[in-house]
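User: Hi! I have a model open and would like to talk through it with you. Can we start with a salt bridge and go from there?

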Amino acid sequence: MQIDNQVLAAPLAGISDKAFRLIAKEMGAGAVYTEMISDKALVYRNQKTFELMDIQDEEGPIAVQIFGRDPEFLTPAARIMVERGAQWIDFNMGCPAPKVVKNGEGAALMKEPDVAYRAVEALVNAVDVPVTVKLRKGFDVSSVNVLSMAKTIQGLGVAAIAVHGRTRDQFYSGQADWQVIAEVVSRVDVPVIGNGDIWEPTDASRMLAETGCQAVMIGRGSFGNPWLIRQNLAVLAQEKPVFPTMEEKIAMALKHLRLAVHYKGERVGVREMRKQLSWYIKNGTGAARLRDEINQAEDEKTLIALLNAFLERQKG
Ligand SMILES: Cc1cc2nc3c(=O)[nH]c(=O)nc-3n(C[C@H](O)[C@H](O)[C@H](O)COP(=O)(O)O)c2cc1C
């Protein structure tokens, strides 16, 4: 598995769709990930699920992320992914969402290592493309087991292991534990991708130095701020990070909207972009009011007008 550089854009359900990935790539991401994709939904040929893994016209490297637990579904689903162009499959063992965990999938697999190992083995055997795994620190504080799981999983033929330094019961709160990432790095021979709390331009370089991981993955820090990827790359290249002006933020928000509408149609694109547009304008004057207006807008034209008017107000 090849990545272009050490700063990757994380898999993000509801966010890392094609529009987001194209922007992350433009910002220099060393690899991008799709949203998590259900093995069962693929096997049952759910049309919406096929759209989630549409990576046509995208430049690699792209990890197509799968979740599930049962080899009976994971094997055919992974093969469908490869038939549809996947050149790298990532297995989700980190999703904390109750509806996923109650099915024994996502982070719940950290509670059942043997099931998890069989799942990883099934994926590795099902396809010829590289398979990677994304783990959490453990299921809860009393069962931190990422070290032993990573050690076993590396022996199953995975190409890399990503570690999010939080337990499932932390969801996304509290500080990510980079120490545990460092411990995984010191225990396994496959490349480790560190994940959790990259918020500042210097954070990737700090995580690489503090943990020894081979690459870092940026999640929430990139919401409405894809420049964070480029800024972290700049610091790694010992250059000064450049911060976007409000004009550039609005231009990117408009581009993101255009891409979303292009790939999903106006109705879905507009609805799904509401929260992301609000993130782009977060610190501007009158952002709260604009957010309310964005949430009521039903079409692309209205959103474009709102964003342009907002920009004018910033100048005045
Ligand atoms: C809204 C949202 C959606 C996410 N979706 C996924 C997903 O589909 N697959 C996955 O492995 N992780 C998912 N994650 C977890 C992120 O990939 C990442 O591990 C986590 O946000 C920690 O990184 P950060 O501190 O940089 O945000 C999601 C996180 C958030 C906030």
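This is a predicted model: local features need pLDDT of at least 70, side-chain atom pairs count only at pLDDT 80 or more; totals for chains, interfaces and linings use all residues.

User: Where do Arg-206 and Glu-210 lie?

Analyst: Both are in helix 9, which covers residues 203–211. They sit four residues apart, about one turn of the helix.

User: And how accessible are Arg-206 and Glu-210?

Analyst: Arg-206 is partly exposed, with a relative accessible area of 37%. Glu-210 is partly exposed as well, at 47%.

User: What about Arg-289, which side chain does it meet in a salt bridge?

Analyst: That would be Glu-293, with 3.3 Å between N and O. Arg-289 has 49% relative accessibility and counts as partly exposed, and Glu-293 is partly exposed at 27%.

User: Is Glu-58 buried or exposed?

Analyst: Glu-58 is buried, since its relative accessibility is 14% and the cut-off for buried is under 20%. Glu-58 belongs to the loop between helix 3 and strand 3.

User: What does Glu-58 contact, leaving aside its neighbours within four places in sequence?

Analyst: Lys-18, Arg-21 and Leu-22. With Arg-21 there is a polar contact between the two side chains, at 2.7 Å.

User: How many salt bridges does a search of the whole structure find?

Analyst: The search gives 18.

User: Changing topic: how is the chain divided into domains?

Analyst: Domain 1 runs over 7–236 and domain 2 over 246–315. Their centres, taken over C-alpha atoms, are 29 Å apart.

User: How many residues of each domain are in contact with the other?

Analyst: On the domain 1 side there are 14 residues, in contact with 14 residues of domain 2. Together the domains bury about 1,300 Å² between them, and 69% of that is on carbon and sulfur atoms. Ile-23, Gly-224 and Trp-227 supply 35% of the area domain 1 buries against domain 2, more than any other three residues.

User: How many salt bridges does the rule find across that interface?

Analyst: Two. Two residue pairs are also counted in polar contact between the domains. Helix 1 (residues 18–26) gives the most to the side of domain 1 that touches domain 2, with six residues. By class, that side of domain 1 has nine nonpolar, two polar and three charged residues.

User: Which residues form salt bridges with Lys-264?

Analyst: Asp-17 is one of them, with the closest N and O atoms 2.9 Å apart. Glu-272 also forms a salt bridge with Lys-264, at 2.6 Å between the closest N and O atoms. Lys-264 counts as partly exposed at 32% relative accessibility, and Glu-272 is partly exposed, also with 32%.

User: Now the backbone. Which peptide bond is cis, with omega near -10°?

Analyst: The one from Gly-60 to Pro-61. Pro-61 lies in the loop between helix 3 (47–52) and strand 3 (62–67). That deserves a look, because most peptide bonds are trans.

User: What is the phi of Arg-45?

Analyst: Arg-45 has a positive phi of about 60°, although it is not a glycine. Arg-45 lies in the loop between helix 2 (39–43) and helix 3, and is partly exposed at 48% relative accessibility.

User: And where is Gln-238 found?

Analyst: In the loop between helix 10 (227–236) and helix 11 (246–264). Gln-238 has a positive phi near 60° too, and is exposed, with a relative accessible area of 75%.

User: Last one: what does Lys-151 touch, not counting residues up to four places away in sequence?

Analyst: Arg-187 and Val-188. Lys-151 is in helix 7 (residues 146–154) and is partly exposed, with a relative accessible area of 42%. Its C-alpha atom is 9.5 Å from that of Val-190, which is 39 residues away along the chain.

User: Great, thanks!

Note on methods: Residues are numbered from 1 along each chain as its sequence is written. Side-chain values use heavy atoms; hydrogens and water are left out. Domain bounds come from an automatic or database domain assignment. Contact means heavy atoms within 4.5 Å. Buried area is the accessible area (1.4 Å probe) that two parts lose on being put together, summed over both. A salt bridge is a side-chain nitrogen of Lys or Arg within 4 Å of a carboxyl oxygen of Asp or Glu. A polar contact is a pair of N or O atoms within 3.5 Å; within protein, one must be able to donate a hydrogen and the other to accept it, and residues adjacent in sequence count only if both atoms are side-chain atoms. Helices (H or I, at least four residues) and strands (E, at least two) are DSSP runs, numbered from the N terminus. Ala, Val, Leu, Ile, Met, Phe, Trp, Tyr, Cys and Pro count as nonpolar, Asp, Glu, Lys and Arg as charged, and the others, Gly among them, as polar. Buried means under 20% relative accessible area, exposed over 50%, partly exposed in between (1.4 Å probe, protein chains only).
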